Amino acid sequence: MTRQVSRRAALGGLASAMVAPSAFAQSALAPTASLRPAARAEDILKNYQPTISELINKAGLAGKISVQVADVKSGLVLESHNPLRALPPASVAKALTACYALDVLGPGYHFETRILSTAQVKNGRIDGDLILAGGGDPTLDTDAIAKITKRLREDAGITEVTGRFLVWGGALPALNGIDSEQPYQVGYNPGVSGLNLNFNRVHFEWQRAGDGYNVTMDARSASLRPEVSAARMRIEKRNYPVYTYKDGGAFDDWTVARGALGRNGARWLPVRKPARYAAEVFQILARSNGIVLKTPELIDSLPSEAVPILTHESAPLRVILRDMLKYSTNITAECVGLTATAARTGRISSLAASAEAMNAWAKDTLGMTSVALEDHSGLGDDSRVSARDMVKALIAARKSMGIKPLLKQHPLRTEDRKIIDDHPVQVHAKTGTLNFVSGLGGFIDLPDGTELAFAYFSADQPRRDSLSRDERENPPGGRSYAVASRKLQQRLLARWGVLYNG
C-alpha cells in the first residue's frame, strides 16, 4: 500500500534529520559549550515558505492582483500585496449582498407570493378578477406553483373565475437582464422582476427527427415539465451565430443555428419576461386543478379592492442566502439586494441605484471606504472592491451578522487540484469567476484556534475588455487563466495555514 506523505511531514522529517545528532557524535564529539535548543519542525517548515511575492510571480498571471490576510480577533493585518488596488470582485460580491440582506431584512425573512381577488369566493366561484402577485421571491419554481394552484382548489375551494387573470410583478423593477454585456444565451444573466420562476430560465431541448428536429421549451422542475410559449425557438439554416435573441413582445423570440445542434441536446436559456413566464405556468397548472383562467394580463399596480386568498412563503432568508453562496445564483443576489434596498430606502429606481445604496450601507455599517459595486451579484465588469476593504468587511460581518456559517467550505487541494482529505486547516469562502477575473474571500481556521480573514482578487482587464459578446461564454485562454488563479489561491492558503499557526 502506498502512503502519501504531506509536505509538512516530509519537511518535519527533514528538520529532524538536520537537527538530531547521531549517538556516535554525542559520545565522541561532545561540545565544549552549550548548544542552542533544537529548532522545531514547525519553525523549519515556516522558514521554507516562499514569500507572497514569490508565489505571485510563479503564478505568471497577467493583469493585476490584490491580496490581504488579517487576524479576525485583533484585526491586525498580517500580510498583503497591493491591498488598496480595486478590482472586479466577480461573485465574491455576493458575500457583501448576503450581509446587506441579513442586516436589513433579517435571517428569518420570507418572500411572499400572494393570490388575491377582487371579489369574495362564493360557492367556489369568483365573480371578479384573480391576481397572481409576486413578492420578489428568487426561488419560486414550477413545483411551488403546482402547490399553490392545488391549494386554490383544495384549501380555498375555488372552481371557477369569471373575471380576468391579472399578474403583478411590480415588487421589484423589471430588468431585461442583469448585465447588458453578457452573451444573449447564458442562463446566468436572466431578466428579473417581482415575479420570477425557475431562476428565470427555460429548458430548451432538441432531438433529431428525420430531416428536422423536435424542439421543446419547458418550465421543468424536479417533477413537472410544462411546455411554454412565453419563450419560443426557431431552428435556422446557418452555422453562426449559434443563438440570436429579440424581444417578441409577449414572448422571448430565439433562433438557433442548425449547424451547431448535432443529434440531440439541451441547455437552459435565460427568460427575459419572467412575469409572463410565471403567469403561463400558473395558468397551465391551475387548469390541471380544474380552474380555467383567461389569458394573463400584466398590471402595473394592485387594485385597491383586492383581498387576499392565500400566501406562499419562501424558505427563510438564511437558507436562501446559504444556497446563493453555495451555487452562486445571480438572480438570487439581485432579488435579495433589491428587496433589501426597497426595505431600507422605501424605493428602487434601478439596479445601479440599488447597488449604490448597498455601497453606502457597506461604508456605514462595515467600515468599507472605496467599495463601488454596480449590481448585487458581481456579474458586471465595472464593479470594484479592494482586498483591504473586503477583509475589513468580512471581519465586521463575522462579528455582527454571522456570515461565516453561510459560506461554503473551500477545501485545500494539491497542485494537481485533488482535494486533501482531513486537512487540519479549514477554509470557508466565496469564490468569484468571470473570464480573466478571479476572486476568493472568506475565513481560515488554523489548528491552534487562530482565525484569519482574507481576500484575493485578480483581473486581466485589458484581455477581458477585448472580448466580443459571443466570445464571453467560453473565450480562448479563459479556462487556463482561471486554473492558474485557483492554484495561486491554494498556494496562498497553504502558506497562511503554516505561517500563522502557532
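**Entry 1: two helices**

I started with α9 and α10, which are roughly perpendicular to each other (angles under 35 degrees count as roughly parallel, over 145 as roughly antiparallel, 65 to 115 as roughly perpendicular and the rest as oblique). The model is predicted, so I kept in mind that local features need pLDDT of at least 70 and side-chain atom pairs count only at pLDDT 80 or more, while totals for chains, interfaces and linings use all residues. Residues are numbered from 1 along each chain as its sequence is written, and side-chain values use heavy atoms, with hydrogens and water left out.

Helix α9 covers residues 330-345 and helix α10 covers residues 351-366; they pack at an angle of about 70°, with their axes 9 Å apart. Axes here are lines fitted to C-alpha atoms, for helices over the stretch in contact, and angles run from 0 to 180 degrees between N-to-C directions. Helices (H or I, at least four residues) and strands (E, at least two) are DSSP runs, numbered from the N terminus.

Next I listed who meets whom: Glu334, Gly337, Leu338, Thr341, Arg344 and Thr345 in α9 meet Leu351, Ser354, Ala357, Trp361 and Asp364 in α10 (contact means heavy atoms within 4.5 Å). The residues of this contact divide into 4 nonpolar, 4 polar and 3 charged.

**Entry 2: strands around β10**

I then looked at strand β10, residues 201-209. β10 pairs with strand β15 (residues 264-270) in the antiparallel sense over 7 bridges; two strands pair if DSSP finds at least two bridges between them. Trp206 has Gly265 in β15 as its bridge partner.

β10 also pairs with strand β11 (residues 212-218), again antiparallel and over 7 bridges. In β11, Thr216 stands opposite Glu205. The hairpin of β10 and β11 has 2 residues between the strands, and Gly210 takes a positive phi near 65° there.

I stopped at Asn264, which is found in strand β15. Is Asn264 buried, exposed or partly exposed? I found it partly exposed, with a relative accessible area of 44% (buried means under 20%, exposed over 50%, partly exposed in between, with a 1.4 Å probe and protein chains only). Not counting residues up to four places away in sequence, Asn264 touches Trp206 and Gln207.

**Entry 3: Ser485**

My last stop was Ser485 in helix α13, residues 478-499. Ser485 is buried, with a relative accessible area of 0%. Leaving aside residues up to four places away in sequence, Ser485 touches Leu61, Ser438, Tyr456 and Ser458.

Conventions
Ala, Val, Leu, Ile, Met, Phe, Trp, Tyr, Cys and Pro count as nonpolar, Asp, Glu, Lys and Arg as charged, and the others, Gly among them, as polar.
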